Amino acid sequence: MSHDIWDVLGIAPTRDRDAIRRAYARKLRVTNPEDDAEGFMRLREAHDEAVARIGWDWMWEEDEDGEGEHDAQAGDPYAAAPTLAPVALATLERAPPASPTPLTPEAEELQARIERLELLLRGHEMAPATELEAAFHAVLNAEALEQIAVADEVETRISHLLLEAAPRSDALLAPAVDAFRWRRDDLHFEPSDVVQVIIQRRDFVERRDRLVRNDEQARAVVAVLQGPPTAKVSLWRRLNPRFEIVMKTLLERLGDGHEVLMAGFDAQTVAAWRQRYARPRLSSGMIWFTLGAPLLAPLIAGVAGLSPAAILAAYLATAAVILAAQLFYLQGYLRLKTAWEVHRSWRAGALERIGWAPLSLLLLPVSALLPDTLWSPLAVAGLGALLLAWTFTTTDPPSGLALPLHQRLLGQAVPFAWALTLPLFDVDVVTPSMLAALVVAAAVDFRGGAQTIQAWHLEMGRTPRLVGSLAFLAATIAAGVAAWRMVGETPPSWAPLCVASVLALAIGHRLPTAALGEALAKTRYYGMFVLFWLSRGLDAVVDSWLVTSTLWMLIGMAVGVILSLIIEVRDRTPAG
């Protein structure tokens, strides 16, 4: 590398590492590697050699004797005016000059252009965007900016000015980011806190302007948030779902009310609308659904030839039911779930978090013991509603750790398909109470099964898991023996209990079999289809679809539990 490294960097010889870094960063902004690869390499080599020379004492011997300073001034055309940078800095900071040294024409021109830009941004009237951009580019084109120190100070001053003058300076955010090359993804650029806020403001303004430009409701939302909190918003606009969606979106983008992002908006108005949406309330979409969905009821009543009074009553009754359900969701479920998450979820034990799952499975055999009356399914539905409310309150939707959706749906469909085919052959085996309990158990498992599976495999030790898997296997064998005892006989009185127990095992056995993985689970399901057609031969022997289908279900469960036990024992055995 030749000795013109300081000319490449555009500074006088120096041992100041920060000065070298700033000079390199300044030159890098105007040197694009793609357009000028050779210039970029020269700049990079000059930077590396300048940094390396910091530790070479012999390079600075002449400077220590005073001769290096003379050479530096002779090689730097701007060194003859050493007061230019300090005077320009003092001017930008609005402080009187430290010495009576007169300003150079270039510094005076720069000072005038900056004052012109400040006047436009701080004036009483809003200046047009074109005029602001013209004044901004006039500052950038000033000849005094050829000195890197002056250019750095001007860049700093403009960055602070853009923040102080927001939102009037919004039109200059994008030009400033482009002119100074403020980039988050540039590895050579280390933005200051002020620059980071400017970039954040620029992104927010661009998204807001794009939204306002293409959406009338967005323009209304911005006008509301910029106005006083006492401004009235028409009921028709509040009932517009699009207005509510845009309002929530804009409030979310404002975040926690950052001072820079809030520029241009009324803080009290924003706080009032935040408080409005923080409370559980009927949204405009819910209101329109309450008014529109019940129209189907009077339509059906009109086709049936009912009187106008009956049609009106059908509409009002349906609307009342829908409204009551929505109010229960808002004032009941949401409040209860919030209270659980705030006060209880962080200290709830495993049994408390999954206590609803065993209860939902226990509800199935209990429902088989209830008398076949109207009150039995109502009692099961009432208890099931409490279990579902507890499930939805204490759990979140299944995460990525849950079983794949198709496996979960298939696991829910098989018990229902089996239970619904049984009445075609043995009418008295499946009761309405059992069907209600099956719906509850399946819904609880679909919502919170992932949490139960995680508790089984992550929070239980291996020994309790082995004992639990063996208990599932023993219950499966016992149910199979009970089913085989019904061969050649009319289904006994305990047949519904056997069916309900099989249904509970069909849902509960997925706890240990979750360790099989997707590949083994698919193989097991395909094997069950093959076994189904083979079981038709057994059906011809025993002449009972109840026994045949029950054994088919239990064999599939036993295979899954045995495979999970093998995996558990294999993982427990240390590698030799």
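**Figure 1. Twelve salt bridges are found in this structure, a predicted model.** Side chains of opposite charge can pair when their charged atoms come close. Let's begin with Arg122 and Glu164, whose side chains meet in a salt bridge at 2.7 Å, N to O. Arg122 belongs to helix α7 (residues 105-122) and Glu164 to helix α9 (residues 148-164), so their pairing ties together parts that are 42 residues apart in sequence. Are these two partners buried or exposed, or something in between? Arg122 has 43% relative accessibility, so it counts as partly exposed. Glu164, at 45%, counts as partly exposed too.

**Figure 2. Arg208 and Asp170 meet in a salt bridge.** Their side chains come to 3.6 Å, N to O. Arg208 sits in helix α11 and Asp170 in helix α10 (residues 170-180), so this pair ties together parts 38 residues apart in sequence. Both Arg208 and Asp170 are buried.

**Figure 3. Asp445 forms a salt bridge with Arg510.** Here the closest N and O atoms are 2.5 Å apart. This pair links distant parts of the chain, with Asp445 in helix α23 (residues 432-459) and Arg510 in helix α26 (residues 510-513), 65 residues apart. Arg510 has 9% relative accessibility and therefore counts as buried. Elsewhere, salt bridges that share partners join Asp170, Arg201, Arg208 and Asp209 into one network.

**Figure 4. Four arginines form a positive surface patch: Arg207, Arg210, Arg213 and Arg253.** Which helix gives the largest share of this patch? Look to helix α11 (residues 193-214), which supplies three residues. Arg210 is located in helix α11, and its 43% relative accessibility is why Arg210 counts as partly exposed.

**Figure 5. A nonpolar surface patch is made by Leu296, Leu299, Ile300 and Val303.** The patch covers about 440 Å². Val303 can be found in helix α17 (residues 296-303). With 71% relative accessibility, Val303 counts as exposed.

**Figure 6. The side chain of Lys337 reaches the backbone oxygen of Phe392.** The distance for this contact is 3.3 Å. Lys337 is part of helix α18 (residues 308-343). How does Lys337 count, as buried or exposed? Its relative accessibility is 11%, so Lys337 counts as buried.

**Figure 7. Ile5 is buried in the model.** You will find Ile5 in helix α1 (residues 5-9), and its relative accessible area is 0%. Ile5 and Arg44 are 39 residues apart in sequence, and their C-alpha atoms are 9.8 Å apart in space.

Notes: Residues are numbered from 1 along each chain as its sequence is written. This is a predicted model: local features need pLDDT of at least 70, side-chain atom pairs count only at pLDDT 80 or more; totals for chains, interfaces and linings use all residues. Side-chain values use heavy atoms; hydrogens and water are left out. Patches are made of residues with over 30% relative accessible area and no salt bridge: like charges are joined within 9 Å, nonpolar side chains (Val, Leu, Ile, Met, Phe, Trp, Tyr) within 5 Å. Accessible areas come from the Shrake-Rupley method with a 1.4 Å probe; for residues, only the protein chains shown count as cover. Lys and Arg count as positive and Asp and Glu as negative; His and the chain ends are not counted. The place of a charge is taken as NZ of Lys, CZ of Arg, CG of Asp or CD of Glu. Helices (H or I, at least four residues) and strands (E, at least two) are DSSP runs, numbered from the N terminus. Buried means under 20% relative accessible area, exposed over 50%, partly exposed in between (1.4 Å probe, protein chains only). A polar contact is a pair of N or O atoms within 3.5 Å; within protein, one must be able to donate a hydrogen and the other to accept it, and residues adjacent in sequence count only if both atoms are side-chain atoms.
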